[in-house]
Amino acid sequence: MVELDMNRIPQHIAIIMDGNGRWASERGKERSYGHQAGVDTVRRITSECTRLGVKYLTLYTFSTENWNRPQNEVDALMKLLSSYLKNCIKTADKNNMRVRVIGDTSRLDDKFQQQIAVLERESAHNTGLNLQIAINYGARDEMIRGMKKMWQDGISAEEITEEKYASYLDTKDIPDPDLMIRTSGEQRLSNFLLWQFAYSELYFTEVPWPDFTPEELRKAVEDYSGRDRRYGKIEEE
């Protein structure tokens, strides 16, 4: 196992879980097989984050653009997500994990929205890992929704600050990610947490999400621990 400096564990990790479909295709399986394998990886990685002392984990599960995929794949993903959220109520309580869903949930069906409300309510008192699941999430959509809410609340131009605007985003009360991980070799942000990633460290790996083990997570954290995070500043000589 990779040895880690436990004093340099990122407080918040965000992950773009990429490669499920390609992983399945390489094995002669339907893409849904890869998504199911990806759920198993989610369970392993959330457990490892808890062991490492990570406080926040945000997972990009379904984007606003994913509705453009074939309908049978969208239906399979929605069914899989619904099943995961249902089971998550038990695991959240067992593991002292708080779960929140970010994104525009208004497009989801009523039953799905009720599941989300129950899960968030039932896990709100938990004090361990904070798990954010991004469903029907897009950063541009999030920012536009935030602007509209500010306008509806009558916020004047003079009142607008970074802190005020951030309080209107889906991630209000959640610190910005320290580390962003993307699996399966792609090197782009894909409309994920664009505001919040302003000073996040980025880590890309060729490993597809179904093969992303706790050891791979530790490799990413080890790489992060060696970064010099200056936030635009320079060291004085």
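Asn136 lies in strand β4 (residues 130-137); strands are DSSP runs of E of at least two residues, numbered from the N terminus. The model is predicted: local features need pLDDT of at least 70 and side-chain atom pairs pLDDT 80 or more, whereas totals for chains, interfaces and linings use all residues. Residues are numbered from 1 along each chain as its sequence is written, and side-chain values use heavy atoms, without hydrogens and water.

Asn136 counts as buried because its relative accessibility is 4%. Buried means under 20% relative accessible area (1.4 Å probe, protein chains only). The Asn136 side chain reaches the backbone oxygen of Asp104 at 2.7 Å. Contacts, defined by heavy atoms within 4.5 Å, link Asn136 to Phe62, Ser63, Thr64, Trp67, Gly103, Asp104 and Arg107, with residues up to four places away in sequence not counted.

Strand β5 (residues 179-182) is covered on both faces. Leu179 and Ile181 are buried on one side, Met180 and Arg182 on the other. In a regular strand, side chains alternate between the two faces of the sheet. Strands pair if DSSP finds at least two bridges between them. β5 runs parallel to strand β1 (residues 12-16), joined by four bridges. Here Ile16 stands opposite Arg182. Strand β6 (residues 201-204) also pairs with β5 in the parallel sense, over four bridges. Glu201 in β6 is the bridge partner of Leu179.

How values were computed:
Buried < 20%, exposed > 50% of the residue type's maximum accessible area, 1.4 Å probe, protein only. Polar contact = N/O pair within 3.5 Å; in protein donor to acceptor, adjacent residues only side chain to side chain.
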